[in-house]
Amino acid sequence: MLTAQLVTSFIAAAGFGIIFNAPRRALIQCGIVGMAGWVLYYTLAETGMDVVPATIFGAILAGVLSQFCAKLFKMPVIVISVSGIIPLVPGGVAYNAMRHFVENDYYTAVQLSAKVMLLAGAIALGLMFSEVANQLMKKLSRKDVAS
């Protein structure tokens with residue numbers, strides 16, 4: 001089962017990189033970042049962690065790896081991070097929320113919509129945290145060099 005998760009998350013992230021017009025040389029990195037973030041999320045969720053904190057940790061990993069790959073391969077972080085978080089996007093839950101609205105099942109629809117908002121916020125929080133950590137590391141490394 002984990003192998004299927006690895007393969008499909010890699011294809012999803014790299015495939016979105018193609019749609020997003022990422023450079024060809026970045027597609028492997030996009031896939032690896034997306035795969036790593038998804039596998040962390042999947043593993044944490046399967047071991048009993050709630051999906052919102054699992055999404056935060058997956059997004060943090062995707063953001064950190066995006067920063068690393070961007071430096072290593074000399075390309076903008078946004079190219080890798082946008083494709084890298086795609087496997088974490090709660091598209092299925094959002095679809096089900098809209099389906100329940102259409103079916104006039106508002107109680108379930110509101111619950112699912114709240115979950116979508118929490119998961120989207122978790123992705124944003126994870127990416128923000130990785131960016132802040134990167135900026136702090138840069139600032140600290142500049143102080144060490146200046147000293």
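## Burial and Ser 81

A residue is taken as buried when its relative accessible area is under 20%, as exposed when that value is over 50%, and as partly exposed in between. In this predicted model, Ser 81 has a relative accessible area of 11% and is therefore buried. Ser 81 belongs to helix α4 and, once its neighbours within four places in sequence are set aside, is in contact with Ser 66 and Leu 127.

## The nonpolar core

The largest nonpolar core comprises 23 residues, and those with the most contacts inside it are Tyr 41 and Leu 88. At least two residues of this core come from each of the helices α2 (27-46), α3 (51-73), α4 (77-85) and α6 (106-146), with α2 giving the most, namely 7 residues. Nonpolar side chains tend to be buried together in soluble globular proteins.

If residues up to four places away in sequence are not counted, Tyr 41 touches Val 51, Ala 54, Thr 55 and Leu 88.

On the surface, Leu 125, Met 128, Val 132 and Leu 136 form a nonpolar patch, whose accessible area together is about 360 Å². Met 128, a member of this patch, is placed in helix α6 and counts as partly exposed because its relative accessibility is 48%, a value that lies between the 20% and 50% limits.

Gly 121 is also found in helix α6, and with a relative accessible area of 35% this residue is partly exposed. Although Gly 121 and Asn 104 are 17 residues apart along the chain, their C-alpha atoms are separated by 26 Å.

## The salt bridge

Side chains of opposite charge can pair when their charged atoms come close. The count of salt bridges in this model comes to 1, and here the side chains of Arg 99 and Glu 103 meet at 3.4 Å, N to O. Both partners are partly exposed, Arg 99 with a relative accessible area of 31% and Glu 103 with one of 48%.

## The annotated span

The UniProt record, an unreviewed entry, places the feature "domain: Threonine/Serine exporter ThrE" at residues 5-132. In the model, the end C-alpha atoms of residues 5-132 lie 29 Å apart, and the span is 83% helix and 0% strand.

Key. Residues numbered from 1 in each chain as written. Predicted model: local features only at pLDDT ≥ 70, side-chain atom pairs only at ≥ 80, totals over all residues. Heavy atoms only, no water. Core = buried A, V, L, I, M, F, W, Y, C linked by side-chain atoms within 4.5 Å. Buried < 20%, exposed > 50% of the residue type's maximum accessible area, 1.4 Å probe, protein only. Helix = DSSP H or I, 4+ residues; strand = E, 2+ residues; numbered from the N terminus. Contact = heavy atoms within 4.5 Å. UniProt positions renumbered as here; feature names shortened; annotations may be inferred. Patch = residues over 30% accessible without salt bridge, like charges linked within 9 Å, V, L, I, M, F, W, Y side chains within 5 Å. Areas by Shrake-Rupley, 256 points an atom, 1.4 Å probe, with all protein chains shown as cover. Salt bridge = Lys/Arg side-chain N within 4 Å of Asp/Glu carboxyl O.
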